[in-house]
Amino acid sequence: MDYEQFKKRVFELTSIDLNAYKERQMKRRIDSLIAKNGYKGYDEYVREIQKKGKLFEEFVNYLTINVSEFYRNPVQWSVLEKEIVPYLREESPNSLKIWSAACSTGDEPYSLAMMLSRIFPLNKIRITATDIDKQVLEKAKVGLYNEKSLAGLPKEFVSKYFEKIGSSYKICDDIKRCVEFKQHNLLKDTYPSNMDLIVCRNVLIYFTEEAKEEIYKKFHGALRKGGILFVGSTEQMIQYRQLNYASMKSFFYKKL
């Protein structure tokens with residue numbers, strides 16, 4: 001089995017389309033994983049992941065690159081709180097419809113909930129958080145984090161919303177209740193609609209230009225008119241005008 005056939009088998013087994021990822025980078029990661037597990041090649045590895053649930057979960061977890069931390073790039077969070085949210089509230093004063101796409105271990109949607117707690121009562125905060133990887137969603141629901149991932153978080157949130165358990169920090173149930181986690185594949189599943197804000201950061205850098213453009217178009221369809229897409233610091237949308245967005249601030253795009 002060559003890599004092309006392997007990609008087809010992976011799609012049949014997982015619905016993850018490896019053609020949408022930058023090939024050299026992804027192939028290197030997969031070859032390294034197969035070698036680390038001591039398998040001779042794609043044939044043997046595919047046979048084994050079909051038989052062993054744990055190996056299959058490890059494979060999906062490895063494919064979906066999960067790097068996450070609370071309040072990543074704090075300056076952008078400040079812009080979100082002080083400029084973007086007040087703008088969005090002009091249309092939706094009481095609560096906002098928010099989607100944290102490719103949310104990984106939950107750091108981002110929980111950061112959103114804590115930031116919004118300065119503006120709305122907690123029972124008015126509703127965030128949909130999605131990821132393709134079931135394992136990271138389970139971790140997100142548990143809500144247990146190490147000290148390093150909390151490094152950028154305002155200290156008031158750490159003391160107010162976390163309980164220290166050994167060397168870890170557990171997020172409180174009040175914040176957990178603001179977030180609903182669901183499995184979702186950005187390349188093939190239906191997108192939600194009429195969102196005020198979509199946050200998708202530091203994920204699309206791994207996709208091909210064609211896949212990125214397709215996702216940006218789908219995000220556009222998922223936003224209400226005037227809604228905002230918030231992207232990562234390495235993901236500025238060069239062709240945003242052609243995709244019917246306006247640039248509000250660096251990394252924030254408004255649906256026209």
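Helices here are DSSP runs of H or I with at least four residues, strands are runs of E with at least two, and both are numbered from the N terminus. With that in hand, let's start at a loop: Asn194 sits between β6 (179–183) and β7 (195–200). What you're looking at is a predicted model, so local features need pLDDT of at least 70 and side-chain atom pairs count only at pLDDT 80 or more, while totals for chains, interfaces and linings use all residues. Residues are numbered from 1 along each chain as its sequence is written, and side-chain values use heavy atoms, with hydrogens and water left out.

Most residues other than glycine have a negative phi. Asn194 has a phi near 60°, a positive value in a residue other than glycine. Its relative accessible area is 47%, so Asn194 is partly exposed (buried means under 20%, exposed over 50%, and partly exposed in between, with a 1.4 Å probe and protein chains only). Ala102 also has a positive phi, near 55°, and lies in the loop between β1 (97–101) and α6. Ala102 counts as buried because its relative accessibility is 19%.

Now for the charged pairs. Side chains of opposite charge can pair when their charged atoms come close. The structure holds 15 salt bridges, each one a side-chain nitrogen of Lys or Arg within 4 Å of a carboxyl oxygen of Asp or Glu. Take Lys7 and Glu23, whose closest N and O atoms are 2.8 Å apart. Lys7 belongs to helix α1 (residues 3–14) and Glu23 to helix α2 (residues 23–36), so this bridge ties together parts that are 16 residues apart in sequence. How covered are the two partners? Lys7 is buried at 4% relative accessibility, whereas Glu23 is partly exposed at 38%.

Lys27 is partly exposed, with a relative accessible area of 29%, and Asp31 is partly exposed at 28%.

Further along, Glu209 bridges to Lys212, with the closest N and O atoms 3.1 Å apart. These two are three residues apart in helix α10 (residues 209–222), so about one helical turn separates them. Glu209 is exposed at 54% relative accessible area, while Lys212 is buried at 15%. Elsewhere, salt bridges that share partners join Glu4, Lys7 and Glu23 into one network.

Rolling a probe the size of a water molecule over the atoms shows where empty space is left. On a 1 Å grid over the protein atoms alone, a pocket is an open set of points where a 1.4 Å probe fits, with protein on both sides within 12 Å along at least five of seven lines; lining residues have an atom within 4 Å of a point. The largest pocket holds about 280 Å³ of space, a volume being the space filled by probe spheres set on the points, which are joined across faces, edges and corners. Which residues lie nearest its centre? Of the 14 lining residues, they are Glu209, Lys212, Tyr216, Ile238 and Gln239. The lining has five nonpolar, four polar and five charged residues (Ala, Val, Leu, Ile, Met, Phe, Trp, Tyr, Cys and Pro count as nonpolar, Asp, Glu, Lys and Arg as charged, and the others, Gly among them, as polar).

Ile165 lies in strand β4 (residues 162–165) and is partly exposed, at 39% relative accessible area.

Finally, look at sequence separation against distance. Val60, in helix α4 (residues 53–63), is 75 residues from Gln135 along the chain, with their C-alpha atoms separated by 8.6 Å. Asn73 and Glu57 are 16 residues apart along the chain, and their C-alpha atoms are separated by 30 Å.
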